[in-house]
Structure formats: structure tokens, C-alpha cells
Amino acid sequence: MQPFGRKIGRIEHKDLKHAESADPRPGWYIEPIFDTAQMRLLADGAILSRSDSEYLHDLIAKVYAFAGQSSQLSALGKMSTPRNYNREFLNNIELLNDAIVHEWAITFRYCTYDVDGTLVPRKDADGNVKKYAADPYRLMYRNGKYYLICHMHQHNNLSYLHVERFRDLAVNESNHSLMRTLDSFNPEPGTPFDWDKHMGERPYPMDDKAIPIHLRIKDTLEPIYDWFDAAQVTQLDKHTYDVWITANEKATLWWALQYADDRIIEILSPPSLCDTLRGDGEYLASLYADVGSTGLPNHDS
Amino acid sequence: MAVSHYAAVSTAEIVIIILELLDKNTDREHGITAVWIANQLGVTEKTVRSHLPYVAGNAAIRS
């Protein structure tokens, strides 16, 4: 008998020789559904969703109970619901999951933020709330944000939408067939869409193709391998590394700018990325040119 | 869960209660003894031991 696939057995004194807990004890036991690592992965993943605090607490308590670690629950501390939490968030996840699994197109309104941080639907130039239609392909966390990767019918590329900003999400009952399949966005036709490769080439989720990018970095490889698993690195001297990555240009611009303060990264190619960085540098130099004398950025330039 | 006076409880119910006790009180480094289970159930240790084969499978039973 293994109820719900869980082994039941006996712990003997000899089994506890290397026990990690402070108060191990022999006797009958039932194997937990989750081990400790699984428990933490699930609980921390749930916390990442920034969902309703009460709902999260119940969910995490279940995970801890299934790992036989309910006594550790208090160590998690207090969770709070985000101030502008979208009450449709959990329903949206269920609906998006079904739409992805069954390959249904969706309709929705998409929110932006009001001045006080309240989520409000996007409007067109005439003040009418915009309604969107999309083919949903995948839900995914990236850089702490929860995205739906989809094809919005008004565009010809992939879009990355924040799940917490959906309102009035629905599946069209009469016609919910996809306009485009995911594979139609594959840069290598005839092969299945490779999510790992696609996201690995985008340190920030954004469309446009990935291109070879050549750069040099000094003293550390952490900014490289933290973000680009497939980087090709050659050490030039004690302090300098030559690096090739394949990545989306705009996403790489954002990635490089975050390390500008450290002055360790130099983009060598493509020239278009170097031009953009130079332009951004000139803009910042101009914006802050007079800070020394006035204490404020120069907004007239 | 502390339950007492189990004189009329069926084997199936005792098996389920033992499973609940195991689920709530054990992990890979913390076991519970037949005596402790018996005290929780309000039955004799012998009763618990006679039900453990249903819970764990005969091969797992040791004294």
C-alpha cells in the first residue's frame, strides 16, 4: 500500500546518524509529497506572483504541509497584497491556462497605471477603452514579472504582456481559433519553437530577432553568464574577456546600460547598438550637463 | 489528532486515522511509535500493530 504514491516505512536509530534536524526521532513515518527543495521552489515561486496575501498564505501552507514542514511556516514572515492588486488575476491565470492548452484565441482589455498607481484600461485617442485579441502561447516568469507570451492580432510579432494587467479576459465563444501558430514565429522554419533559446537570447522580454553581438568585459564574467548561458568567451589578458552572444539588440542595450556605472562593458558590434549607446550617452551628458551649477538636470536640451 | 475510546472503530477507519497521524506528525527524520499512535487512538498497542500491515504493507513491518 502506498497511499497517493507515498512510501510508508520505519526510521531506525541508525538511519538518524547523519540527521540534520535538531530533534530526530525513530518510528513510523510517511514520505512527504515534496522534499524541502521542492517545497521552497514552489513556495518562492508562488510568492513571486505577488498575488492576494490570504490566498498565497493558504497555498504555501498546503505546500509546507505536503512537505511535512508546517512547523517552518512562521519563518516565512508576513505577506502583503500589492496595493494595486488586480482581483481578476487568479481567474485570468485559469482562463489563460485553458486557452493555451486548448489553443483558443482570447479577447481582453489591457491596463496601464493611473497617477495614483491604480490599474486602468488603456484607451484610444478618442477616449474609448481599447479591446484586444491575441493568440496565447505561454505563461512565463522573467526578471520577476509574470508574462503571457502571445501574438496580438494587430501586430505581426510576439508580444510579452503582464498577466496582472489583463481585464475582462474572455474566449470568443463563436470563433476562438488561433490566427497564427507559435511555430510560425520560429526563426528556423520546420523545427519546433525553442523557448529556452528564445528567452535565453532576450535578457528582457521583447520581440525582434536575436543577432550576434560582440563585446569586451573587464574583471568579471558574472554579468555575462548571469544573463547569457550560451555566451562564447575568450580571455584576452588578466583583466579582459572577449565575448560573443546572440541576443536581441534592444534587450542587450538595456542589459549593458545597467552596468554602465561599473564601466566594465564595451560593445564592439553591431555598429547600430554602438550608435544607440553613444546617443543615449550624449543625451544623459546633455541632460545632466548643468547639474554642477544648478543642482537640477537640464530639461531644455 | 487525538481520538479516544475506539472500541467500535472499524479496521478501515483505524487505517485512515493512522495515515492522518503519519501525515501530520512525521517526515524523513521524525517518526512516531506504535505506542504513541495507540495513545492517540485510544486503543491498545497490539491493535495498532495489527493494523500497521494494512498501512505499510507486510514487507515493511518489523517488530
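How many nonpolar, polar and charged residues are there in the lining of the second largest pocket? There are 9 nonpolar, 3 polar and 6 charged, where Ala, Val, Leu, Ile, Met, Phe, Trp, Tyr, Cys and Pro count as nonpolar, Asp, Glu, Lys and Arg as charged, and the others, Gly among them, as polar.

Some housekeeping before the next click. This is a predicted model, so local features need pLDDT of at least 70 and side-chain atom pairs count only at pLDDT 80 or more, while totals for chains, interfaces and linings use all residues. Residues are numbered from 1 along each chain as its sequence is written, chains are lettered from A and ligands numbered from 1 in the order in which they are written, and side-chain values use heavy atoms, with hydrogens and water left out.

**Stop 1**

Of its 18 lining residues, select Gly200(A), Glu201(A), Phe228(A), Asp229(A) and Ala230(A), the closest to its centre. Helix H4 (195-200) and strand E11 of chain A are the elements that give two or more residues to this lining, and H4(A) gives the most, with 4 residues. Helices (H or I, at least four residues) and strands (E, at least two) are DSSP runs, numbered from the N terminus.

A pocket here comes from a 1 Å grid over the protein atoms alone: it is an open set of points where a 1.4 Å probe fits, with protein on both sides within 12 Å along at least five of seven lines, and lining residues have an atom within 4 Å of a point. Grid points are joined across faces, edges and corners, and the volume is the space filled by probe spheres set on the points.

Now go to the largest pocket, at about 590 Å³. It is lined by 25 residues, with Ala67(A), Gly68(A), Gln69(A), Asp27(B) and His30(B) nearest its centre. Helix H2 (53-66) of chain A and helix H1 (11-25) of chain B each supply at least two lining residues. By class, this lining splits into 5 nonpolar, 10 polar and 10 charged.

**Stop 2: the core around Val243(A)**

Select Ile213(A), Leu215(A), Val243(A), Ile245(A) and Trp255(A): of the 22 residues in the largest nonpolar core, these touch the most other members. E9, E11 and H6 of chain A each supply at least two residues of this core. A nonpolar core is a set of buried Ala, Val, Leu, Ile, Met, Phe, Trp, Tyr and Cys residues joined through side-chain atoms within 4.5 Å. Buried means under 20% relative accessible area, exposed over 50%, partly exposed in between (1.4 Å probe, protein chains only).

Centre on Val243(A) and leave aside neighbours within four places in sequence: its contacts (heavy atoms within 4.5 Å) include Ile213(A), Leu215(A), Ile224(A) and Val233(A).

**Stop 3: helix H6(A)**

Which residues of H6 (249-258) in chain A are buried? They are Ala251(A), Thr252(A), Leu253(A), Trp255(A) and Ala256(A). Their cover includes strands E9 (210-218), E11 (240-248) and E12 (265-269), plus helices H5 (222-225) and H7 (271-287), of chain A. At the N-terminal end, zoom in on Asn248(A), which caps H6(A) with a side-chain oxygen 3.1 Å from the backbone nitrogen of Lys250(A).

**Stop 4**

Most residues other than glycine have a negative phi, and most peptide bonds are trans. Check these against that:

- Ser269(A) to Pro270(A) is a cis peptide bond, with omega near 10 degrees; Pro270(A) sits in the loop between E12 and H7 of chain A.
- Arg50(A) has a positive phi, near 50 degrees, and is exposed at 52% relative accessible area.
- Asp208(A) has phi near 85 degrees, also positive, in the loop between H4 and E9 of chain A; its relative accessibility is 58%, which counts as exposed.

Beyond four places in sequence, its contacts are Arg142(A), Asn143(A), Tyr147(A), Tyr160(A) and Met199(A).

**Last stop: chain B**

Switch to chain B, with 3 helices and 0 strands. Of its 63 residues, 43% are buried.

Notes: Polar contact = N/O pair within 3.5 Å; in protein donor to acceptor, adjacent residues only side chain to side chain.
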